[in-house]
Amino acid sequence: MLPVDALRGARRVAIYSVVANAVLAAANLAAGASAGSTAARAAGVEFVADVIAALFLYFGLWYASRPADSEHPYGHGRAETVTGLILGVILALTGVAIAATSLWGLASVRTPPGVAALWTLSAALIVKGVLMTVKIRLGRSLGSRALEADGWNDSVDVLSALAATVALALTRLDPDEFLMADQFGGFVVGLFVVSAGVGTVAQASRELIDTMPPPPLMAEIRRVALTLPGVRGVEKCFGRKTGLHYHVDLHLEVDATMSVRQAHDIATDVRFAIVREVPQVTDVLVHVEPA
């Protein structure tokens, strides 16, 4: 199983994300209002949604890391997957709202926005780039779908902030030619956010319906099982993800003439070997069959 310190580190990243997104949201909303920039306001609204998403992420990681109990024998890991699903829905709805608001504002554009919004959008590019890198790397190492999804959300934020910055710069550079660019920049931000939300919902949904783990992981589980003395073969091997870990069902083939105790001892050795050598797996249910 994954170390508790790693999960604590993931929760710390979520807290840092709350603080960073709150600062970026306030700065871009204020700059968007004072400079009259739709793109900056759209980015600010997106960062407000990111604050909410980061809070959900923190709660999901905290709850998912709780140990198994009598009512939850498989642990609380599915809370992490449900969190990823909620994050995806929040992102998709936020993106639709941003895109629609930007289009509705086209008719009211009269003057180019101020330059102040360029500074807050530039700061967002840097901060979001750092958060994206940390979350994706840590999410992959932990097998946390919600943390990795939040990291990809930050990558979308980088693209959307870049689109908003370019649009605002074009509007400032040539207001006569690109007066509407700032509004279209806000619309592009909305599309990026919708895309991130839909992707997150799709991935979380696959886990909730018990989609099989990646083939390389299943191959590694089979390989470890076959290295144990007394194992003749692996007939079936199924797995499902419960939050941060996988639970595996394994049909093990052994000598048909051995005693029940001998077969049981081999099954126990296989179970502990897989949990020890494959960190993503938290438990294995072994069914013994005659070879």
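Two arginines mark the outward side of helix 9: Arg261 and Arg276 are exposed there, in what is a predicted model. Across the helix from this pair, the picture is one of burial, with Ala263, Ile266, Ala267, Val270, Ala273 and Ile274 buried. Viewed down the axis of helix 9, these buried residues fall within an arc of 130°, so they line one face of the helix.

With 18 residues (260–277) at 1.5 Å a residue, helix 9 should span 26 Å, and its end C-alpha atoms lie 26 Å apart, so expectation and model agree.

Turning to the whole protein, the secondary structure consists of nine helices and three strands. Along the sequence, these elements follow the pattern α-α-α-α-α-α-α-α-β-β-α-β. Among the 291 residues of the protein, 46% count as buried. Contacts between residues 24 or more positions apart make up 71% of those with a separation of 6 or more. The accessible surface of the protein amounts to about 13900 Å², and carbon and sulfur atoms contribute 66% of that surface.

Terms used. Residues numbered from 1 in each chain as written. Predicted model: local features only at pLDDT ≥ 70, side-chain atom pairs only at ≥ 80, totals over all residues. Heavy atoms only, no water. Helix = DSSP H or I, 4+ residues; strand = E, 2+ residues; numbered from the N terminus. Expected span 1.5 Å × (residues − 1). Buried < 20%, exposed > 50% of the residue type's maximum accessible area, 1.4 Å probe, protein only. Arc of directions from axis to C-beta. Contact = heavy atoms within 4.5 Å. Areas by Shrake-Rupley, 256 points an atom, 1.4 Å probe, with all protein chains shown as cover.
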